[in-house]
Amino acid sequence: MREWQAYALAAFAVLAGQVLRVGQKIEAGRPVTWRDLFVMCSLLPAFGSIVGAGATHFGWPAWSILVAGISAGWVGFGTMRFVLVLARQIGAQMTGAKGE
Amino acid sequence: MTALGHIMSVVAIWTMMLFGLRFAVAAGNWLLPLAGAAWQLARCEGPDTRICRRRFLQAVDQLHIDLHSAITTPWSATLLFAGSVLIGFAFAAGSAGDAAQLVSHHPEAWTAFDIVTDCIAALAGVTGMAFVQAATSRRRTASFLVSAALVLTGLGIGVVTL
């Protein structure tokens with residue numbers, strides 16, 4: 001498999017995972033805001049390039065690219081929210097420590 | 001295999017896998033509160049049992065009410081039954097080709113028929129599942145858009161791996 005094929009496959013798999021997650025949210029009646037879409041668009045190239053780079057470097061077969069991409073797209077929102085919460089807490093702790 | 005055959009089979013496998021996943025997760029979401037109530041009922045002990053049982057029955061009723069309120073858009077019932085018809089014909093068509101190959105004295109003669117019926121099965125099955133999914137979801141147009149996006153990613157993967 002050539003490099004661009006791995007990157008394209010990873011991008012499509014991540015997009016499919018994200019669409020699945022958003023679709024599940026929509027069908028459960030939960031609101032999907034513009035912020036979610038923005039996060040989606042910013043995470044797509046990031047995850048796509050990470051998975052594609054891993055695939056070209058370690059020589060992954062196609063099925064593992066697809067599985068990794070779908071999983072990354074599916075949990076992407078949760079990961080972003082987790083990182084944001086973590087960053088906010090660490091920031092609050094640091095500013096609190098500075099205030100003391 | 002020709003290029004068109006490769007793209008078609010990749011799209012069919014990809015969309016059927018993802019739609020199945022989506023179907024199962026969406027339906028499981030509906031059943032989640034019911035499962036919670038059943039879990040509580042199973043763990044209930046002593047004099048609380050009647051309350052737990054009433055709560056479980058309330059959860060069952062609530063699920064029915066939720067489904068009733070989700071299917072409010074005018075074409076939902078039509079979509080639901082049209083989707084069921086499509087899924088049923090998809091199963092019948094998909095097995096017809098294989099059945100012909102099984103009972104025939106010359107299975108190779110039926111290979112083209114098998115391929116055509118498999119194509120029909122994939123097409124009708126995916127469309128029917130999208131219909132049923134859209135009928136039971138609260139936002140119908142968005143559900144159709146999600147289905148279309150999944151098919152498009154399958155097309156992209158088929159073209160890329162050509």
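1. In this predicted model, chain A has an accessible surface of about 6000 Å². Carbon and sulfur atoms account for 71% of that area. Of the 100 residues in chain A, 38% count as buried.

2. Chain A has 3 helices and 0 strands, in the order α-α-α along the sequence. Its radius of gyration is 17 Å, well over the 13 Å that the globule rule gives for 100 residues, so chain A is more spread out than a compact globule. Along the principal axes, the C-alpha atoms of chain A fill a box of roughly 55 × 35 × 15 Å.

3. For contacts in chain A between residues at least 6 apart in sequence, 79% join residues at least 24 apart.

4. The largest nonpolar core comprises 32 residues, and those with the most contacts inside it include A:L9, A:I65, A:L66, B:W14 and B:I157. Two or more residues each come from α1, α2 and α3 of chain A and from α1, α4 and α5 of chain B. The biggest contribution is that of α1(A), with 11 residues. Leaving aside residues up to four places away in sequence, A:L66 touches A:L9, A:A13, B:W14 and B:I157.

5. Which residues form a nonpolar patch on the surface? They are A:F82, A:V83, A:L86, A:I90 and A:M94, with about 490 Å² of accessible area together. A:M94 lies in helix α3 of chain A, residues 62-99. A:M94 counts as exposed because its relative accessibility is 53%, and the cut-off for exposed is over 50%. In soluble globular proteins, nonpolar side chains tend to be buried together.

Conventions
Residues numbered from 1 in each chain as written. Chains lettered and ligands numbered in written order. Predicted model: local features only at pLDDT ≥ 70, side-chain atom pairs only at ≥ 80, totals over all residues. Heavy atoms only, no water. Patch = residues over 30% accessible without salt bridge, like charges linked within 9 Å, V, L, I, M, F, W, Y side chains within 5 Å. Areas by Shrake-Rupley, 256 points an atom, 1.4 Å probe, with all protein chains shown as cover. Salt bridge = Lys/Arg side-chain N within 4 Å of Asp/Glu carboxyl O. Helix = DSSP H or I, 4+ residues; strand = E, 2+ residues; numbered from the N terminus. Buried < 20%, exposed > 50% of the residue type's maximum accessible area, 1.4 Å probe, protein only. Core = buried A, V, L, I, M, F, W, Y, C linked by side-chain atoms within 4.5 Å. Contact = heavy atoms within 4.5 Å. Rg over C-alpha atoms; globule rule 2.2 N^0.38 Å.
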